[in-house]
Amino acid sequence: MSLLQQRVNQAHASGNYQPVIDLIPYAGVIGVQCERFGEEMIFRLPRNPNNIGNPTIPAIHGGVIASFMELTAAFELTLQLKQPALAKNIDFSVDYMQAGLDRDTFAMCTIERQGRRVANCSIIAWQERKSQPIASARGHFLLDSFASLT
């Protein structure tokens, strides 16, 4: 059993998903966190001065928001697969709706379709209200050819 599979199994048993997230160094750099609420996984990007791209507003860098959303989808897929593995990004498209201000940001992924080889996801990110997203994204991920973490 791979390190990833062990951590996913432990995370599902304990409800602590941080050890899975810690396997991706960039997730730690920007500060990604995750919690399960019933059947839903909510990802959190805590307020962090290092994530600011526009100090005038101040606003989170668009690349940080996009990366956070892409990581949200990758982790959601990893946690939902029967044989946990990190999915490879095929393409990813983000629509920015308003500035991500210097505060906690949340994201949630919906797996629209998951086949044997490819999964299609939609992701929304928000700050104060889920009904007022700061960005939405669509991603396609390859499931049959992934790097294993050992």
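Let's start with the pocket. In this predicted model, α4 supplies the largest share of the lining of the largest pocket: four residues. The volume of that pocket is about 170 Å³.

Who lines the largest pocket? Here is the list: Ile 24, Glu 70, Leu 71, Ala 74, Phe 75, Leu 86, Ala 87, Lys 88, Asn 89 and Phe 141. Two elements give two or more residues to this lining, α4 and β5, and β5 runs over residues 88-96. By class, the count is seven nonpolar, one polar and two charged.

Helix α1 covers residues 3-14, so 12 residues by the helix assignment. From first C-alpha to last, α1 reaches 16 Å. That is close to the 16 Å expected at 1.5 Å a residue.

Which residues of α1 are buried? Leu 4, Gln 5, Val 8 and Ala 11. Look down the axis of α1: these buried residues fall within an arc of 130°, so they line one face of the helix. And what covers them? The cover includes α2, residues 18-21, and α4, residues 62-80.

The face away from the buried side carries exposed residues: Gln 10, Ala 13 and Ser 14. For this call, exposed is over 50% relative accessible area, and buried is under 20%.

One last stop, just after α1. Gly 15 sits there with a positive phi of about 85°.

Technical notes
Residues are numbered from 1 along each chain as its sequence is written. This is a predicted model: local features need pLDDT of at least 70, side-chain atom pairs count only at pLDDT 80 or more; totals for chains, interfaces and linings use all residues. Side-chain values use heavy atoms; hydrogens and water are left out. The expected span of a helix is 1.5 Å times one less than its number of residues. Buried means under 20% relative accessible area, exposed over 50%, partly exposed in between (1.4 Å probe, protein chains only). The arc is that of the directions from the helix axis to the C-beta atoms. Contact means heavy atoms within 4.5 Å. On a 1 Å grid over the protein atoms alone, a cavity is a set of points where a 1.4 Å probe fits but cannot get out, and a pocket is an open set with protein on both sides within 12 Å along at least five of seven lines; lining residues have an atom within 4 Å of a point. Grid points are joined across faces, edges and corners, and a volume is the space filled by probe spheres set on the points. Ala, Val, Leu, Ile, Met, Phe, Trp, Tyr, Cys and Pro count as nonpolar, Asp, Glu, Lys and Arg as charged, and the others, Gly among them, as polar.
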